[in-house]
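Please consider the arrangement of the protein shown below.

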Amino acid sequence: MKMSKLIGKKVLDGNAFDLGKIQDFDMDIKEGKINSITITPNEISFKKVSMNVNITEISEVGDYVLLNINKSEIEEMQETKKEEEKVVNPDKIEKESKTININ
């Protein structure tokens with residue numbers, strides 16, 4: 001399949017719920033393999049939040065991309081990722097680094 005055919009393809013979760021369309025993908029050029037896809041939701045909102053899905057979560061690719069997980073599982077993964085990527089105040093880091101004594 002040509003990569004240009006992948007962009008814009010509709011994505012369904014394991015319950016056949018329409019999640020949106022493929023906006024982008026992360027590819028390992030050396031291996032020639034896709035690592036993950038980025039899905040833009042169809043929802044109408046002021047703040048569209050893209051979803052990243054690992055390639056292992058894809059069940060089938062045809063007219064649609066069918067995932068083997070459901071929307072709530074994707075949302076849980078996104079929340080976990082957000083918690084891991086929390087922004088830290090630089091002043092706090094500087095203060096903590098000054099209090100560490102190296103002998």
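The largest nonpolar core of this predicted model holds 15 residues, and those that touch the most other members are Val 11, Leu 19, Ile 37, Ile 39, Val 65, Leu 67 and Ile 74. A nonpolar core is here a set of buried Ala, Val, Leu, Ile, Met, Phe, Trp, Tyr and Cys residues joined through side-chain atoms within 4.5 Å. A residue is buried under 20% relative accessible area, exposed over 50% and partly exposed in between, with a 1.4 Å probe and protein chains only. At least two residues of this core come from each of E2, E3, E4 and strand E6 (65–67). The contacts of Ile 74, apart from its neighbours within four places in sequence, are Leu 19, Met 51, Val 53, Leu 67 and Ile 69; contact means heavy atoms within 4.5 Å.

Two remarks on the basis of these values are in order. Residues are numbered from 1 along each chain as its sequence is written, and side-chain values use heavy atoms, without hydrogens and water. Because the model is predicted, local features need pLDDT of at least 70 and side-chain atom pairs count only at pLDDT 80 or more, while totals for chains, interfaces and linings use all residues.

The protein contains 3 helices and 6 strands, in the order α-β-β-β-β-β-β-α-α from the N terminus on. Helices (H or I, at least four residues) and strands (E, at least two) are DSSP runs, numbered from the N terminus. Of the 103 residues of the protein, 24% count as buried.

The 6 strands of an open sheet follow the order E4-E3-E2-E1-E6-E5, with mixed pairing. E4 and E5 stand at the edges with a single partner strand each, so one side of each has no neighbour in the sheet. From one strand to the next, the twist averages 35°, where axes are lines fitted to C-alpha atoms, for helices over the stretch in contact, and angles run from 0 to 180 degrees between N-to-C directions. Strands of a sheet pair through backbone hydrogen bonds, either parallel or antiparallel. Two strands are taken to pair if DSSP finds at least two bridges between them.

Strand E2 (residues 18–28) and strand E3 (residues 33–41) are antiparallel and share 8 bridges. They form a hairpin with 4 residues between them, and Gly 32 in the turn has a positive phi of about 70°. E3 is also joined to strand E4 (residues 51–54) by 4 bridges, again in the antiparallel sense. Across this pairing, Ile 39 stands opposite Met 51, and Val 53 is the bridge partner of Ile 37.

Thr 38 also belongs to strand E3, and Asp 24 stands opposite this residue. Is Thr 38 buried or exposed? With 16% relative accessibility, Thr 38 counts as buried. Leaving aside neighbours within four places in sequence, its contacts are Lys 21, Ile 22, Gln 23, Asp 24, Ser 50, Met 51 and Asn 52.

Two loop residues complete the picture. Ala 16 is placed in the loop between strand E1 (10–12) and E2. Although Ala 16 is not a glycine, it has a positive phi of about 65°, and with a relative accessible area of 53% it is exposed. Gly 62 lies in the loop between strand E5 (58–61) and E6 and is partly exposed at 32% relative accessibility. Gly 62 and Lys 9 are 53 residues apart in sequence, with their C-alpha atoms 9.1 Å apart in space.
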